[in-house]
Amino acid sequence: MAPHLLPRVLLLLFLTWAVPAGAGNGRAALPPTSEVLGMLRRVETARVRGTLRVLDSELEEQGRARPKDLMPRVYRAWLAFPADACWNELKALSTLEPENPWPHLGMGLIYIRWGLLAEARGPLATARRVSPDFAPALWGEGLLLQAEGKLADAEARLRESLSKLDAPQTRTALGLLLSGLPGREAEARAELVRSVDAWPEQPEALRKLASLAQAAKDVGAAAVAGEKLVALKPADREAHRLQADLWLAASEKDKAARSLERYVELGGSDPAPLALLARVYGELGRAAEEEKALVRLIDVELKDARPVLRLSELADARGDVAASEAFLVRASERAPERSDLHVRRARLCLKQERWKDALVSYRAAALAPEQKVAEAEAEMAELVRRFRLPATPAKGVPDKIYSRVSLGLVALYMERLKEKPDLKGNLKMQVQVDATGRATQVSVLYDSLQDPLIAGHAYFAFMDAEYPPAVDTPIFQYVFRPPR
């Protein structure tokens with residue numbers, strides 16, 4: 001080569017080396033991979049925080065400022081990930097700039113999210129081909145292998161990606177993969193801690209981190225992870241529900257109550273957290289709040305008798321006997337087979353000297369097979385003695401039944417005179433009978449005696465009596481006039 005040509009050749013070589021990648025075709029050079037992944041993390045953070053529109057405006061402005069740079073369009077497409085619109089835009093960009101690996105990666109990730117695993121292989125392979133050291137393509141392949149159930153290969157591919165570029169997205173994927181493998185929980189937790197430290201706005205990673213810490217009995221770390229999740233998604237009622245469990249595991253009942261209150265404020269109405277809130281209020285001794293929580297609970301949990309029974313206890317504790325009994329009645333309607341509920345009501349009626357209602361409840365308790373109360377049989381027997389009820393019911397035609405009932409009423413009346421010498425008046429009863437001869441309703445039409453034991457004796461004697469079967473449903477009336 002002629003000596004005078006050597007400087008010109010060196011100059012041309014220098015200019016060739018100095019031209020950035022893509023400048024030859026007028027396109028902007030690709031930014032560093034770490035920078036792009038950082039931008040994609042911004043996209044996901046905006047998605048979590050609900051600020052996608054703000055970021056979209058920023059990217060739109062970047063696109064106008066750099067019309068030859070396709071990356072703002074890639075980022076804007078990612079705002080809609082994994083929707084059809086995202087895939088369509090990435091496909092268009094991959095045609096405009098075939099050597100750009102990011103649209104190919106995006107299409108592969110969308111296919112994985114859609115469950116189209118065979119279709120995902122092509123775009124991911126293309127991303128590796130156009131950029132052989134492209135770590136995100138290894139990340140994508142790791143996700144694909146995991147979706148295919150090839151967990152060991154998936155782990156190897158994710159670790160290979162991390163060896164080329166330590167990115168939080170890849171480390172999260174590895175942590176979540178390890179969390180599902182027996183005996184790898186500690187490794188998973190370590191990976192997720194590193195990822196969340198670098199990129200806190202990861203709801204799925206935070207949930208898993210809290211779960212792993214809770215399983216490891218590290219209740220403090222679990223609560224911290226849950227609190228980060230709540231701060232990240234303050235309107236996510238399920239996050240508050242999870243956080244309540246974590247606070248309870250850490251013995252922070254006041255904080256658990258606040259988390260559950262927030263769950264309710266956000267419209268949460270599942271029975272389990274409402275029941276938990278009522279229980280926490282009870283353990284904190286906040287009876288008024290517990291009662292409100294229980295009232296809310298029984299509106300959505302229509303079968304469980306326990307919250308209604310607890311409302312009865314709270315009403316009784318504040319001295320509201322009527323409310324206590326009303327809740328007991330509702331509880332027994334929900335669980336008629338529970339003998340103890342009927343006994344509770346019977347005892348409440350005894351305190352008010354409502355002898356008839358008490359015996360009705362004791363009889364219901366005797367028929368109910370579940371949760372028997374040992375003392376109930378003796379208590380009922382004592383009440384039967386007070387009413388002087390016959391050992392066997394009256395039976396036969398109405399006149400015969402009237403005579404039998406009258407004998408019992410006279411005996412009881414003479415006994416009651418000893419306690420109430422001025423006892424006088426009449427009692428008129430009406431009995432409705434069904435076609436089988438069983439009484440279906442016994443009611444008082446007139447009662448000037450005003451003695452609950454006498455009226456109760458008449459009620460049970462006529463209710464227990466066996467009447468003649470009839471085609472129709474007869475109604476009988478009876479008047480008791482005490483002897484003078």
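In this predicted model, helix 20 and helix 21 cross with left-handed geometry. Helix 20 spans residues 339-351 and helix 21 spans residues 355-367; they pack at an angle of about 165°, with their axes 8 Å apart. Angles over 145 degrees count as roughly antiparallel, so helix 20 is roughly antiparallel to helix 21.

**Helix 20 and helix 21**

- On the helix 20 side, the contact is made by S339, H342, V343, R345, A346, R347, C349 and L350.
- On the helix 21 side, the contacting residues are W355, D357, A358, S361, Y362, A364 and A365.
- By class, this contact of helix 20 with helix 21 comprises 9 nonpolar, 3 polar and 3 charged residues.
- The loop between helix 20 and helix 21 contains E353.
- E353 has a phi near 60°, which is a positive value in a residue other than glycine.
- With a relative accessible area of 53%, E353 is exposed, because the cut-off for exposed is over 50%.

**Helix 14 and helix 15**

- Helix 14 (residues 237-249) packs with helix 15 (residues 253-265) at an angle of about 165°, and their axes are 8 Å apart.
- Helix 14 is therefore roughly antiparallel to helix 15.
- The crossing of helix 14 and helix 15 is left-handed.
- By class, the contact of helix 14 with helix 15 consists of 6 nonpolar, 3 polar and 6 charged residues.
- From helix 14, the residues in contact are R237, E238, H240, R241, Q243, A244, W247 and L248.
- They meet K253, K255, A256, S259, L260, R262 and Y263 in helix 15.
- S251 is placed in the loop between helix 14 and helix 15.
- The phi of S251 is near 60°, a positive value in a residue other than glycine.
- S251 is exposed, its relative accessible area being 61%.

**Helix 8**

- Helix 8 covers residues 135-147, which makes 13 residues.
- From its first C-alpha to its last, helix 8 reaches 19 Å, close to the 18 Å expected at 1.5 Å a residue.
- The buried residues of helix 8 are A135, P136, A137, L138, W139, G140, E141, G142, L144 and L145.
- The elements that cover these buried residues include helix 2 (33-49), helix 6 (101-114) and helix 7 (117-130).
- Helix 9 (151-164) and helix 10 (168-179) are also among the elements covering the buried residues of helix 8.

**A cis peptide bond**

- The peptide bond from F81 to P82 is cis, with omega near 0°.
- P82 sits in the loop between helix 4 (71-78) and helix 5 (84-96).

- E185 lies in helix 11, which runs over residues 185-198.
- E185 counts as partly exposed, at 37% relative accessibility.
- E185 and M429 are 244 residues apart along the chain, and their C-alpha atoms are separated by 76 Å.

Key. Residues are numbered from 1 along each chain as its sequence is written. This is a predicted model: local features need pLDDT of at least 70, side-chain atom pairs count only at pLDDT 80 or more; totals for chains, interfaces and linings use all residues. Side-chain values use heavy atoms; hydrogens and water are left out. Axes are lines fitted to C-alpha atoms, for helices over the stretch in contact, and angles run from 0 to 180 degrees between N-to-C directions. Helices (H or I, at least four residues) and strands (E, at least two) are DSSP runs, numbered from the N terminus. Angles under 35 degrees count as roughly parallel, over 145 as roughly antiparallel, 65 to 115 as roughly perpendicular and the rest as oblique. A crossing is left-handed if the near helix is turned anticlockwise from the far one by less than a right angle, and right-handed if clockwise. Contact means heavy atoms within 4.5 Å. Ala, Val, Leu, Ile, Met, Phe, Trp, Tyr, Cys and Pro count as nonpolar, Asp, Glu, Lys and Arg as charged, and the others, Gly among them, as polar. The expected span of a helix is 1.5 Å times one less than its number of residues. Buried means under 20% relative accessible area, exposed over 50%, partly exposed in between (1.4 Å probe, protein chains only).
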